[in-house]
Amino acid sequence: MAAGKVYIVGAGPGDPELITVKAMRRIQAADVILYDRLASEELLGYAREDAELVYCGKAPGMHAMPQQLINEALVRYALDGKTVVRLKGGDPFVFGRGGEEALKLADWGIDYEIIPGITSAIGAAAAAGIPVTHREYAASFACVTGSRCHGDKTPIRWDLLAHGVDTLAIYMGVSQLPAIREELLKHGKSASTPVALIERGTTSRQRTITGTLADIHTLAAAKKLSNPALIIIGEVVRVRDRLLQAEQRAISMIG
Ligand code: SAH
């Protein structure tokens, strides 16, 4: 039997409508869908009725299915001749381990395709009224992981990030927020730098908390910030405040 094909697909940041047309078409055609916790379950409703749906989600701190097993499952299904969708939250190549899966498939000579998605930092920031770049505030932004796991080989250069990049979008950083803030302050980032925390960005349950590097850890604890959430650090957070103020002014003029 001819080997199948694996599509490593980005599901977008949370709102199921933010998936690409190409990704949606692959979901509709798939024999098997291996999906993560952050890929909206609503999207599975578009799968064929006879499609096999396999949950591979990882809750924070736990691995529902070890990466090695996921890699092996992708290979096995493809060798069985199946059309496989590997559905991941956001973009598969941004802290999504899509690269590891692609390498495994390439090793086996299996046909695969990467379908990008809107990464959660971009999606959530936009939905919270925060442009990651802005001519008045930021000429650069970086996507940074806030958590390191056993086996990670690249250090996070907080010393350079504190000064070299204008907007920091930090993934997987909720539990590390006090330590991240301390690192940035230690390396000379101003305590008055604005920070936004965006929980469940782009979904109907999105919540945004804003503060500064001086108080954001206290606010996060008081408001019981939970995962998934992004930390956006930089002057661009001021645009959100300005948008909200302008909206208030407009409402009071009408009212
Ligand atoms: N590949 C994904 C990221 C996976 S890492 C992407 O491109 O978005 C998981 C982290 O992504 C979470 O810890 C959180 O920081 C972030 N994240 C994912 N979905 C999110 C959402 N809807 N709102 C806020 N943060 C989200």
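Residues are classed by relative accessible area as buried (under 20%), exposed (over 50%) or partly exposed (in between), with a 1.4 Å probe and protein chains only. The structure is a predicted model, in which local features need pLDDT of at least 70 and side-chain atom pairs count only at pLDDT 80 or more, while totals for chains, interfaces and linings use all residues. Residues are numbered from 1 along each chain as its sequence is written, and side-chain values use heavy atoms, with hydrogens and water left out.

Side chains of opposite charge can pair when their charged atoms come close. With a salt bridge defined as a side-chain nitrogen of Lys or Arg within 4 Å of a carboxyl oxygen of Asp or Glu, the count comes to 13. A network of these contacts links D36, R86, K88 and E101. In the bridge between D36 and R86, the closest N and O atoms are 3.0 Å apart. Because D36 lies in the loop between β2 (32–35) and β3 (52–55) and R86 in strand β4 (residues 83–88), this pair ties together parts that are 50 residues apart in sequence. Helices (H or I, at least four residues) and strands (E, at least two) are DSSP runs, numbered from the N terminus. Both D36 and R86 are buried.

R86 also forms a salt bridge with E101, at 3.1 Å from N to O. E101 belongs to helix α3 (residues 98–107) and R86 to strand β4, so the pair ties together parts that are 15 residues apart in sequence. A salt bridge between K88 and E101 has an N to O distance of 3.2 Å. It joins strand β4, which holds K88, to helix α3, which holds E101, across 13 residues of sequence. K88 is buried, with a relative accessible area of 1%, and E101 is likewise buried at 1%.

Aromatic pairs were taken as rings of Phe, Tyr and Trp (its six-membered ring) with centres within 6.5 Å; planes under 30 degrees apart count as stacked, over 60 as edge-to-face and the rest as tilted. The whole structure contains 2 such pairs. Y35 and Y55 form a tilted pair, 5.4 Å centre to centre with 55° between the planes. Y35 lies in strand β2 and Y55 in strand β3, so the pair ties together parts that are 20 residues apart in sequence. Y35 is buried at 11% relative accessibility, whereas Y55 is partly exposed at 39%. The rings of F95 and Y171 have centres 5.0 Å apart and planes at 65°, so this pair is edge-to-face. F95, in the loop between β4 and α3, is 76 residues apart from Y171 in strand β7 (residues 167–171). F95 is partly exposed at 40%, and Y171 is buried at 7%.
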